[in-house]
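Subject: A structure for you to look at

Hi! Here is the structure I promised to pass on to you. Have a look at it first, then read on for what turned up.

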Amino acid sequence: MLSSWRSIAVPAAVLLLWEFAAAFRFVDLEFISRPSHIMIAAISGLADGSFLYATWQTLEACVFGLTIALVVGVLTGIFLGLSPFAEFISRPSLEGLRSIPSIAFAPLTLLLFGFGLPMEGLIIAYACLWPILITTIAAVRNIEPRLLEIAAALEMSPATRVRKIVIPAMLPRVLVGLRTAAGFALVVSVTVEILINPRGLGYGLIIAQQSLRIDVMYAYLVWLAVIGLIVNALVRLADREVVV
Amino acid sequence: MIRATCRALAAILFTLLVFVVWQAAIDSGLVNRIFVAAPLSAIDVIAERAANGTLWTTTAATAQRLLAGWIAAVGIAMLLGTAVGNSRAAHQYLSPTLEFFRPLPASAVIPVAVLFFGLTTKMSTFVIAFGALWPVLLSAIHGFVSVPRELREVASTLEMGRLRYIFTIAIPSASVDIMAGLRISLSLALILTVVTEMQASLPGLGYELFLAQRTYRSADLYAGLMTLGVFGFLINQALLLTERRLMRWKLA
C-alpha cells in the first residue's frame, strides 16, 4: 500500500504543481502548456483519429523495416555463421559499415527514394539489421556440433541441413536479437519522421511544435511514451512465451 | 602463424574487392553517378578536406558536441542510478516515473528542446544527454541491485557507512553492468549528435551530410558517411580500450 502511494507521489506532485503554476500564469503557457489542456488535446487527437492514423504509419514503417532486417540478417547470419572464413574476411567491411550511425543514411535514402515509407523503412532495416545479424551468427556458432555431425552422417543437403537443424536450434537466440531490434525500430522511425519524413508520430510531434500547438505536442509525447510501453510489454510477453 | 597471415591477407583483399566492385559498377555506368558516388571520388573529397583542414574542424565540432552530451548523461545517470539502486525509498519514489520515460524514443524530446532552447548547442547537448542517459541509468540500477548478498553482508559486518559501501563495494561490483551501459549510450549519443546537427544546422559531420544531400553532391555525401563510420569506429575502440584497462583486475 505504502509503496503504491510512493510510486505515484512524484508524478502526481509534479502534475499538480504544473497545473496550478499554469492556471495562475506563473509559467509561460506558450512553453509548457498545462496538464489539463494536454489531456484535452490527447483525447481530441484520439477521437478524431489523427493519433491513431499517425501511429499506424509509424508502426507500418517499423514492421516493414524489421521484416527486411529479419530476412537479410538471418540469411546472412546463417551463411556467415556456418562459414568462419567468410565471416572473417568480411569482418572489416561489415564493421566499417556498422560504425555508420543509421540516421546518417537519411540524406542518402531521401536522395534515392524521396519521402515516404520506403526511405524510412530502409533506415529502420539498416539499424535493426545489426543486432539480428550478430545474434544469428552467434546462434549458429553455438549449435551443438554433434547435431551438425549427424546431419553430415545422414548426408543431408545444405538446404535441408539449414531447414531441419540450423533454424530450429538457433531460433531462441535470434529472437533475443529481434527484441533489441524492435526497440531500435521505434526510435529510428520517430527520429526519421521528426527529421525529414512527413508522416507518422514524429512528424505530428514536430508539426505541433512548429505551429505552436504546444498542448498537442505534449499530447503526442505522452502518447509516444504509451506506445513505447506497449511495444516493450509485447516484446517481453513474446519473450516469455519463447523461454517457456 | 602463416595461416593467420593468410587469413589477414584474405580479409584485406576482400575489403579491397568490395571497393573495386563498387568503383567498377560506377565506371561502367551500371549505377547512376548522381545517387552513388565512386569510392575514389569520395576518398578524393576526404583528402581534400583533410588538406584544407575542414575535416578536422567538423570532426572536432562533432566530437565536442558528442562528449558534452555524453558526459552530462553519464554524470546524471550515475548519480540517479546510485540513489535508486542503493536506496529503497528512492527506488519507490522515482522508478515508476523513470519507467514511464524510459520507452520514450530519445529523439521525441527534440521538439520540446527546440521550443525551450531554440536551434542552439544547448538544445543538442540536452537532447544527447537525455537520450544517452537511459542505458547507463538502467544498467547502473541493475548492477547495484544485483550486488551479491555476501558482499552486502561483509559491508554490514564491517559496519561500513553507506558512502563507503557504495564506493568500495557497490560501484566495483556493478562496474561490468555499467560498462555495458556506457557502450550502448555512446553509440546512441553519436546518433543523436548527428540528428541534432541535421535538425538545427549546427556545425559538424551530420550537418555536412545534410548539406551534401541538399546540393546533390553525392561524392561529399559518401565522403561524409565514410568519415562518420571511421569516427564511430574509433570512439567505440577508445571506449573498449579504456574498459579493458579499467577492468583488468576483474579479468585477472
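This is a predicted model: local features need pLDDT of at least 70, side-chain atom pairs count only at pLDDT 80 or more; totals for chains, interfaces and linings use all residues.

**A helix pair in chain A**

Residues are numbered from 1 along each chain as its sequence is written, while chains are lettered from A and ligands numbered from 1 in the order in which they are written.

Back to the pair: helix 7 (residues 117-141) of chain A packs against helix 9 (residues 158-195) of chain A at an angle of about 155°, and their axes are 7 Å apart. Axes here are lines fitted to C-alpha atoms, for helices over the stretch in contact, with angles from 0 to 180 degrees between N-to-C directions. By class, their contact has 20 nonpolar, five polar and two charged residues. Nonpolar means Ala, Val, Leu, Ile, Met, Phe, Trp, Tyr, Cys and Pro; charged means Asp, Glu, Lys and Arg; the others, Gly among them, are polar.

**Chain A as a whole**

Chain A has eleven helices and zero strands (DSSP runs numbered from the N terminus: H or I of at least four residues for helices, E of at least two for strands). Its radius of gyration is 23 Å, well over the 18 Å that the globule rule gives for 244 residues, so chain A is more spread out than a compact globule. That radius is taken over C-alpha atoms, and the rule is 2.2 Å times the number of residues to the power 0.38. Along its principal axes, the C-alpha trace of chain A spans about 80 × 55 × 30 Å.

**Where the chains meet**

How many residues of chain B are in contact with chain A? There are 44, and they touch 45 residues of chain A; contact means C-beta atoms, placed from the backbone, within 7 Å. On the chain B side, 33 of these residues are nonpolar, ten polar and one charged.

**A helix pair in chain B**

In chain B, the axes of helix 9 and helix 10 come within 8 Å and cross at roughly 160°. That makes helix 9 of chain B roughly antiparallel to helix 10 of chain B. Among the residues that meet here are Leu205(B) and Leu209(B) from helix 9, and Leu221(B) and Phe231(B) from helix 10.

Enjoy exploring!

Terms used
Two residues are in contact if their C-beta atoms, placed from the backbone, lie within 7 Å. Angles under 35 degrees count as roughly parallel, over 145 as roughly antiparallel, 65 to 115 as roughly perpendicular and the rest as oblique.
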